[in-house]
Amino acid sequence: MASLLRKLRPGSSSSIHDDGDGSNYEYSFASEYKGPPLSFSIPQVNPFKIEQIPVASVACSSADQISVPVIQPIVKSSNIQLTLNKDLLGSSNSKSPAIEFAISGSAELTKSCSLRVRVDTVDRIGESGSLNRIYDADKSSTENTAQKLKISGSFRVSDTGEIVEESPESELNPTNSDTAESGSSSGSASSDIFSCREDDHRNNVAPVHVKRPSVVTFLSSEESYDPVVNKKCGGSEVASLPVRPHAERTGNKGTCYRCNRGNRFTEKEICIVCRAKYCQYCVIRTMGSMPEGRKCITCIGYRIDENMRKTQGKCSRLLKHMLSEVQVKQIMQAELNCEVNQMPPESFFVNGDQLDRSKLKLLQSCAKPPKKLKPGSYWYDKASGFWGKDGQPPSQIITPRLDVGGHLQKSASKGNTNVSINGREITKKELRILKLAGIPYEGTPDFWVSPDGSYQEEGQKNVKGRIWDKTTVRIACAFMSLPVPSNSIAASGESDVEGENKFKDNSVQKKLYKFLLVGSIKSGTSTIVKQAKHLYNIPFSEEERQNIKLVIQSNLYTYLGILLEGRETFEESLLEKRGRQTADESTSAGNTGETTNTTIYSIGPRLKAFSDWLIKYMVSGNLEAIFPAATREYAPLIEELWRDAAIQATYNRRNELDMLPRGASYFLDRAVEISKVDYEPTDMDIMYAEGISLSNSLTTVEFSFPRTSSEESLDPEYQHDLSLKYQLIRVHPRGLGENCKWLEIFEDMDVVLFCVALTDYDEYTVDRNGVSTNKMMAAKQLFENIITHRSFTNKKFLLILNKLDLLEEKMEQIPLTRCEWFCDFNPVISNNQNQVNNYTNSPPLAQRAFQFIATKFKKLFYSLTNRKLYVSLVTGLEPDTVDEALRYAREVMFWEKWDPSVTGDKFENTSTSFDEIEPTT
Ligand SMILES: Nc1nc2c(ncn2[C@@H]2O[C@H](COP(=O)(O)OP(=O)(O)OP(=O)(O)O)[C@@H](O)[C@H]2O)c(=O)[nH]1
Ligand SMILES: [Mg+2]
């Protein structure tokens with residue numbers, strides 16, 4: 001073997017070390033250096049021309065295990081030059097016979113850099129190996145290193161033992177060849193450094209040798225592993241990659257892993273392999289140009305820590321600040337796409353079958369892939385798309401009918417209910433959902449469920465209905481962490497077309513169009529729902545009316561409590577003032593300084609006792625506990641209190657009482673009537689009433705739009721189908737949970753109506769920690785969270801700007817600029833109006849403000865979603881405006897169908913228009 005290898009080398013034989021047993025040979029081929037001048041000397045290398053490569057004559061040998069490739073004259077197929085230089089390239093691992101090749105393209109290496117090129121393990125002669133580069137730079141000197149390498153190549157060992165360059169073109173364009181093979185980019189974030197592609201099976205030369213261990217291996221002295229080395233043709237390279245242990249910090253907690261500076265508040269970027277965190281000064285030094293994403297240079301080629309998988313492709317703010325947008329994008333793409341960062345398909349089992357690369361890819365790239373996919377064993381119901389971990393209930397619904405995994409086992413989810421869906425025995429949780437959905441499961445234990453949730457009994461042709469149509473069922477699923485089919489699956493074209501048609505033919509149900517109404521706190525969403533009921537003649541049930549009555553009476557006590565507190569304050573401050581005056585007067589006049597203790601805000605002892613009692617309950621937050629008993633018992637007292645001069649004097653100063661809602665006077669004016677036992681709320685009372693949630697935080701109203709007179713004159717083609725049903729679903733923002741996680745339940749909504757109170761611009765909310773936030777800014781934040789939620793991608797949004805009536809009043813006193821977001825509101829008169837500095841012909845200030853706010857939201861929406869936002873101006877207490885907004889939501893839903901031209905205009909979609917308004921944005 002020694003003599004064979006010796007023949008590979010031209011000239012001197014001094015670089016071959018034979019330790020006697022013939023197992024330790026080191027050969028290196030290095031590129032000819034063409035970079036900038038070096039500041040240090042390197043050993044001289046004699047150029048080595050291909051033609052000069054000696055012909056290897058004999059392949060050894062009798063010993064089967066140590067069969068070494070016989071290197072025939074290299075078939076020169078490009079202008080590659082091989083030079084031999086052991087010293088420059090470093091030595092190989094002493095345990096394996098190794099040969100190092102370098103292939104020159106162009107290389108610019110500076111100080112302390114060395115270039116190593118490794119050739120893959122070749123199992124059988126005749127199969128392909130591949131060439132990969134490892135770029136090593138001395139860590140301490142990377143700072144000033146001009147890293148520019150251009151080197152690539154792909155080799156195979158032919159059946160005659162030759163090492164043949166596989167495809168010269170790939171040398172010039174490795175990124176493309178990589179893409180061609182794996183469907184992803186080469187993983188290089190910059191063109192400076194890249195890996196060569198893995199070779200494929202194009203070479204069908206029959207193997208003529210028996211399998212041999214690592215015929216050609218290239219291992220460096222310090223790095224004991226090369227990802228490519230262990231790769232088997234057709235298999236996954238990633239599975240065989242070792243996992244790197246977590247990096248250990250040498251400094252204190254929170255400090256940078258390299259410079260040991262900083263603390264836990266210092267912004268850092270994290271290596272997705274070893275999880276070392278680097279500060280802004282060290283990140284580039286340790287990670288270089290990040291050809292595989294955010295990895296330390298020494299972690300390049302290693303698989304990523306599975307716990308970091310969720311951050312794959314999502315970099316920190318630090319990197320965004322340091323690099324340009326394009327660079328960050330490139331790095332993140334490399335991180336997502338490069339081969340070594342992919343999950344190893346061998347660690348995935350679906351219905352008992354181990355996945356290969358193509359199946360995993362299919363799974364990941366389908367329209368609705370499994371979320372947060374990690375290596376493990378899963379079951380997959382291809383017919384419905386249900387997906388879960390082995391032995392567990394379904395956790396999500398993915399694209400159905402993918403050719404992934406084997407046959408679904410009955411026991412896949414370890415159900416024990418004797419009821420099965422598509423051949424899988426369902427779990428108790430799922431059975432509860434069937435029960436809630438009213439599906440008779442007794443005696444008919446086998447159901448056939450389609451991706452859209454329609455079901456039929458196995459062996460029968462009729463579709464019986466849809467399991468998940470009711471909102472209550474969907475919500476129950478959400479609380480039990482069970483998945484719900486989304487319309488998008490059905491609409492993705494992958495649905496059971498046959499089943500769908502059957503469903504349509506059966507006409508079990510017409511499509512119900514769904515509007516989700518959500519908004520910031522007190523924005524007026526309940527009022528809009530109540531208004532919808534009123535508008536479309538959906539009566540309140542007796543139970544609802546009783547509930548509303550209690551809410552109104554309870555509210556009245558709250559308002560009275562606020563008045564009583566106000567009374568106390570006014571009384572105290574008046575007495576204090578009086579005391580001060582008397583003191584001043586007595587000092588100057590020398591009298592006793594006695595004052596009377598009664599003011600216009602003083603009440604008698606009986607009322608005072610009642611007042612104290614009420615305030616005590618109110619402060620403790622237990623006011624509701626005393627109802628309805630309090631109403632019966634205290635109605636006469638309320639009457640007395642209300643008529644009392646002190647309370648009336650306080651009421652006259654109601655504008656000074658911050659806690660008193662604006663709508664309170666509507667009820668306080670009728671305090672006596674409302675506090676009576678036989679009080680019956682009128683429609684208007686219901687409309688004004690606060691805090692009426694018809695069922696916890698979720699309210700639904702189903703209705704149809706009656707035809708308006710203006711619609712009747714329309715061409716029949718443009719008239720709406722009167723039989724179409726709509727559902728308005730109002731959800732309180734608190735009902736959406738942390739980070740709006742329950743929004744998923746509303747994935748099948750047709751339009752989202754987001755309500756904002758125009759008057760929020762100068763109001764504040766205070767959270768549990770005492771932090772106060774401007775309500776408009778809070779609304780903006782909620783809006784951003786909702787429009788960017790993954791379940792609402794491509795959803796149509798209608799912004800409802802509510803409480804115009806109050807805005808008009810408020811703007812006369814408080815400028816819109818009070819809110820930081822609107823600091824640039826500067827209502828100027830447009831040029832085409834009279835130059836007179838008044839608003840005679842111009843729209844009122846509130847309407848300008850509306851246009852301004854609408855534009856702000858539209859721009860925000862466009863910047864986050866690249867889509868347009870529709871806007872409607874509403875006064876919740878005026879039915880017509882609510883009707884107009886809901887009809888507009890219907891238009892929005894059918895918009896593109898009727899008038900595709902409107903889609904081009906990104907900011908000009910508002911149901912309410914004012915002549916000659918020029919938003920000053
Ligand atoms: N003046 C006036 N008041 C309105 C308007 N819309 C709603 N309100 C009042 O604003 C208050 C809050 O309205 P709600 O409909 O309860 O608001 P919400 O969005 O349900 O608020 P939550 O309490 O968070 O559920 C009520 O007193 C309503 O009467 C409006 O357009 N003009
Ligand atoms: Mg409400």
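**N260 sits in the loop between α4 (174-182) and β11 (269-270).** The model is predicted: local features need pLDDT of at least 70, side-chain atom pairs count only at pLDDT 80 or more, and totals for chains, interfaces and linings use all residues. Residues are numbered from 1 along each chain as its sequence is written, while chains are lettered from A and ligands numbered from 1 in the order in which they are written. Helices (DSSP runs of H or I, at least four residues) and strands (runs of E, at least two) are numbered from the N terminus. N260 is not a glycine, yet its phi is positive, at about 60°. N260 counts as partly exposed because 13 other C-beta atoms lie within 10 Å. The burial classes use C-beta atoms placed from the backbone: a residue is buried with 20 or more others within 10 Å of its own, exposed with 12 or fewer, and partly exposed in between.

**The whole protein sets the context for the close-ups.** The protein has 25 helices and 30 strands. Of its 921 residues, 37% count as buried. Among contacts between residues at least 6 apart in sequence, 70% join residues at least 24 apart. Two residues are in contact if their C-beta atoms, placed from the backbone, lie within 7 Å.

**Five strands form an open sheet in the order β14-β13-β15-β16-β17.** The pairing is mixed. β14 (353-354) and β17 (394-397) are the edge strands, and each pairs on one side only. Two strands pair if DSSP finds at least two bridges between them. β13 runs parallel to β15 (residues 376-380), with three bridges. In that pair, F349 stands opposite S377 in β15. β15 and β16 run antiparallel and share three bridges. Here Y378 faces K389 in β16. The two strands form a hairpin with five residues between them, and G385 in the turn has a positive phi of about 90°. β16 (residues 386-389) is also antiparallel to β17, again over three bridges. F386 is placed opposite I397 in β17. In a regular strand the side chains alternate between the two faces of the sheet.

**N351 occupies the loop between β13 (348-350) and β14.** Its phi is near 50°, a positive value in a residue other than glycine. N351 has 18 other C-beta atoms within 10 Å, so N351 is partly exposed.

**T427 lies in the loop between β19 (424-425) and α9 (428-436).** T427 counts as buried because 22 C-beta neighbours fall inside 10 Å. Beyond its neighbours within four places in sequence, T427 contacts P393, S413, G415 and T417. K414 is 13 residues away along the chain, and its C-alpha atom is separated from that of T427 by 7.0 Å.

**Six strands form an open sheet in the order β24-β25-β23-β26-β29-β30.** The pairing is mixed here too. β24 (698-703) and β30 (870-873) each have a single partner strand, so one side of each is left without a neighbour in the sheet. The twist averages 20° from one strand to the next. Such angles run from 0 to 180 degrees between N-to-C directions, along axes that are lines fitted to C-alpha atoms. β23 (residues 512-519) and β26 (residues 751-757) are parallel, joined by five bridges. V518 stands opposite F754 in β26.

**α13 (525-535) is mostly covered, with nine of its 11 residues buried.** Among the buried residues are T525, S526, T527 and I528. The set also includes K530 and K533. Just after α13, N537 takes a positive phi of about 55°.

**Ligand 1 has 21 residues around it, among which G524, S526, T527, G663 and G876 come nearest.** A residue is near the ligand if its C-beta atom, placed from the backbone, lies within 6 Å of it. The largest share of this shell, three residues, comes from α13. α13 and α23 (804-811) each supply at least two residues. What is the make-up of the shell in nonpolar, polar and charged residues? The residues divide into five nonpolar, 12 polar and four charged. Ala, Val, Leu, Ile, Met, Phe, Trp, Tyr, Cys and Pro count as nonpolar, Asp, Glu, Lys and Arg as charged, and the others, Gly among them, as polar. Domain 4 (542-688) and domain 5 (704-904) both give residues to the shell, so ligand 1 lies between them. The domain bounds come from an automatic or database domain assignment.
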